[in-house]
Amino acid sequence: MEKIRFDKSNSFEELVKLHQEKVLNTCFRFVKNKEDAEDLAQDVFVEVYNHINSFRGDAKLSTWIYQISVNKSLDFIRKKKRKKRFAFVLSLAGFRDEEKELQLSTPANPHTDLEQKERIHILNQAINLLPENQKVAITLSKFEGFSNKEITEIMGTSVSAVDSLLHRAKNKLQKKLYQFYEKHL
Amino acid sequence: MIRKEKIEQEVQKTLQSFKQAERLKSNPFFYTRLKNRIENLHSKKQKIRGWEFAGRVLKPALLLLIIALNIFSATLFFKYKTQDYINREQLLDFLGHELTLDYNQYNPNFLINE
């Protein structure tokens, strides 16, 4: 029993080391905050550890891990939105939330060109305006470089549905960005 | 026309910036933190399991005990209730036995006879 546990923990360590960066970045693309992304990545691997025995093996293990990452990130965003709505209702009712969230975009690379940073910021904002499934598809495809087949497995849809989601997402992004630059250029 | 081209150029540049988006490097203590978290969760789970086991055994035992007590008190109740109300003779007979009265006292008509 001890041997099995030892083996499990050894292979689990390898598994974590292999996927931690991609899981972290996948979560970061959705939550846009380093600390939250790290916490979520930890949650993802805790779930993987707890449910590894129930993994059916229909898909690749990595796909399953990224599926958990996406689901956890989306749940986190939904909870955050709910909290925001509740705080708004409270503020309307006269209860003020003293603790405001600090929203600073801290770049990982300070040498990144300012213009480029601004473009990425605008792009992120435009992606946030997309419907949830389009947002997931374009984030996984463009930021994390997943293939359409992998996205199909992560999202649990068909290849044609992913193709269509990506196509619509790109068109919508283009439209939103055009409208934005029309106003601000 | 020039403005439109400029906007389109900017849109394309923005769309191409997917690849330049910052990538996070994972914390070197990520696995250590994760391991600690899993161990903590595991020990908490074991404690909860202990309580669950106690609950699983104690709850039915307590329930059975309550049911048994109820059945016992119900049988006692009905037993004496039927004995009480069959007729006056039987009641006196029962009381006589319970209180171990002598024959004269046990005879329900001893006072009348005198």
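User: What share of the 114 residues of chain B counts as buried, and what makes a residue buried?

Analyst: Of the 114 residues of chain B, 14% count as buried. Buried means under 20% relative accessible area, exposed over 50%, and partly exposed in between (1.4 Å probe, protein chains only). In chain A, 36% of the 185 residues count as buried.

User: What kind of model is this, and how are its parts numbered?

Analyst: This is a predicted model: local features need pLDDT of at least 70, side-chain atom pairs count only at pLDDT 80 or more, and totals for chains, interfaces and linings use all residues. Residues are numbered from 1 along each chain as its sequence is written, chains are lettered from A and ligands numbered from 1 in the order in which they are written, and side-chain values use heavy atoms, with hydrogens and water left out.

User: What makes a stretch a helix, and how many helices does each chain have?

Analyst: Helices are DSSP runs of H or I with at least four residues; strands are runs of E with at least two. Chain A has seven helices and zero strands. Chain B has five helices and zero strands.

User: How do you know what span to expect of helix 7 of chain A?

Analyst: The expected span is 1.5 Å times one less than the number of residues. Helix 7 (residues 159-184) has 26 residues, so 38 Å is expected. From first C-alpha to last, helix 7 reaches 37 Å, close to that value.

User: Which residues of helix 7 of chain A are buried, and what covers them?

Analyst: The buried residues are A:Val162, A:Leu165, A:Leu166, A:Ala169, A:Leu173, A:Leu177 and A:Tyr181. An α-helix has 3.6 residues a turn, so residues three or four places apart point the same way. The cover includes helix 4 (114-128), helix 5 (132-143) and helix 6 (148-155) of chain A, together with helix 1 (2-16) of chain B.

User: How many residues of chain A are in contact with chain B, and what area is buried between them?

Analyst: Contact means heavy atoms within 4.5 Å. By that rule, 41 residues of chain A are in contact with 29 residues of chain B. Buried area is the accessible area (1.4 Å probe) that two parts lose on being put together, summed over both. Here it is about 3700 Å², of which carbon and sulfur atoms give 61%. A:Gln42, A:Arg119 and A:Tyr178 supply 18% of the area that chain A buries against chain B, more than any other three residues.

User: Why is the pair A:Asp43 and B:Arg37 called a salt bridge?

Analyst: A salt bridge needs a side-chain nitrogen of Lys or Arg within 4 Å of a carboxyl oxygen of Asp or Glu. The side chains of A:Asp43 and B:Arg37 meet at 2.3 Å, N to O, so the pair qualifies. Across the interface of chain A and chain B, the rule finds five salt bridges.
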